[in-house]
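Let's take a friendly walk through one protein model together. Have a look at the picture first, and then read on.

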Amino acid sequence: SPLANGADDRLLDRREAVVAGVQEHYYASPPRIERGWREYLADVEGRVYLDMVNNVASVGHAHPRIAEALTRQSRLLNTNSRFQYAAITRYGERLAETLPDELDTVFFVNSGSEAVDLAIRLALAATGRRDVVAMAEAYHGWTYASDAVSTSIADNPDALQTRPDWVHTVEAANAYRGRHRGPDAAAYAPEAAERLRALAAGGHAPAAFLSETFYGNAGGVQLPDGYLREVYATVRDLGGLAIADEVQVGFGRLGSWFWGFQQQGVVPDIVAVAKSIGAGFPLGAVITRREIADRYRTQGYFFSSTGGSPLSSVVGLTVLDVIQEEGLQENARVVGAHLKRRLEALVSRHPLVGTVHGQGLYLGLEFVRDSTTLEPAREETAAICDRLLELGVIMQPTGDHQNVLKIKPPLCLSQDSADYFVDMLERVLETGW
Ligand code: PMP
């Protein structure tokens, strides 16, 4: 079978025997993938798949320039950031250059969870407070603090009920299926602001408001116009800070904006980044203002053994070079717009297709059983993803109801690949799943 587990069928059993079961793998019967190139993955039987989910491999799989930079630097030097070498300075400067002037100070870590955790700790240290307000339906990471502010029920149905008492939520500002829809979605911002003020009045003035700036985890949902402007202004009025989780949506993926917060016309106080900045190498960073960074001193010193190492910094610099020199943000804008147009054409042709969320190469196609009740088509979405695998496309569900296709391929996606994806999706919708 083309979906066999490669020459060594026992590999999957051995994986399940040794790797913790909660560290899941895609598909009940996954192909064994040992090779990637651009937006393609190849299994050990030589079958090629179009990878439509890999936002971590931002510049494409097995990019030769990243491979060369890694090899060269690892033959020269790799050590921790307490030593003095050029790469950490150059990378810090280049990262800060992608952000508004006031965000001028960088902490280097190794993952998105670490970046969000550190962002929260910075806000606590800078304000001397302990409460944090996060948007519901989020995923921000697995460490204690980043998990605490993650309330997606996709994996944990009790997520909202089991948060520590310092975590508070505001509703997901989803104009498609939330409590306020269409033009009524303007109501989310004043309600969130009111919630922040009520918390402060009750003795829980927030250290920070934290959210994705473009709602990736919900399926690439664009926040209502002016939402972050009002919420950020309110949290700052109350003496708190605005934290942006740009781990998924930032770094050029949205096409028209390098950062998600630019779409909302705001500047956060603290930005957490990871995933695509390392193109598969474990990199994360927190960028903030100097006076906020300095408040970390109240917690002691900051040290991460591999955060900002020569190797990490050189990989980060090379990823930025590749994104800029290969015009990958522009590619995300152009190919993303073409892909979105083609997906939108499916809405009127197939009742299951409810809507298309997103911008650039962060799109979400939401499946519903009924266009009025918006009943999530969860089982159908899972079956469609399985059928797409048979047709050579890697695709996975996302969102609280697991009924949204999360479309976030490498940024080098070609228009032909985008067309192949939509053609296969249409075939599944027409012929069944
Ligand atoms: N924030 C967001 C928005 C994420 O999507 C993720 C990972 N899915 C994280 C944080 C955590 O990143 P990591 O897996 O690198 O720890």
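Predicted model: local features only at pLDDT ≥ 70, side-chain atom pairs only at ≥ 80, totals over all residues.

Strand β12 (residues 362-367) and strand β15 (residues 404-407) run antiparallel and are joined by four bridges.

Residue numbers start from 1 along each chain as its sequence is written.

Back to the strands. β12 and β15 belong to an open sheet of four strands with antiparallel pairing, in the order β11-β12-β15-β14. At the edges sit β11 (353-359) and β14 (397-398), each of which pairs on one side only. Helix α11 (residues 328-349) packs on the sheet and touches β11 and β12. The direction of α11 makes about 165 degrees with that of β11; axes are lines fitted to C-alpha atoms, for helices over the stretch in contact, and angles run from 0 to 180 degrees between N-to-C directions.

Now for the domains. An automatic or database domain assignment supplies the bounds: domain 1 covers 10-59 + 327-431, and domain 2 covers 64-325. Their centres, taken over C-alpha atoms, are 25 Å apart. How many residues of domain 1 are in contact with domain 2? There are 29, and they meet 31 residues of domain 2; contact means that the C-beta atoms, placed from the backbone, lie within 7 Å. On the domain 1 side, α11, β11, β12 and β15 are the elements that give two or more residues, and α11 gives the most, with five. This side divides into eleven nonpolar, 13 polar and five charged residues. Ala, Val, Leu, Ile, Met, Phe, Trp, Tyr, Cys and Pro count as nonpolar, Asp, Glu, Lys and Arg as charged, and the others, Gly among them, as polar.

A residue is buried if 20 or more other C-beta atoms lie within 10 Å of its own, exposed if 12 or fewer, and partly exposed in between, with C-beta atoms placed from the backbone.

| Residue | C-beta atoms within 10 Å | Class |
|---|---|---|
| A293 | 20 neighbours | buried |
| Q402 | 19 neighbours | partly exposed |

A293 is found in helix α9 (residues 290-294). Leaving out residues up to four places away in sequence, A293 touches T105 and T288.

Most residues other than glycine have a negative phi. A279, in the loop between β9 (270-273) and β10 (284-288), has a positive phi near 50 degrees. Q402, in the loop between β14 and β15, has a positive phi of about 50 degrees and is not a glycine.

Terms used
Pairing = 2+ DSSP bridges. Contact = placed C-beta atoms within 7 Å.
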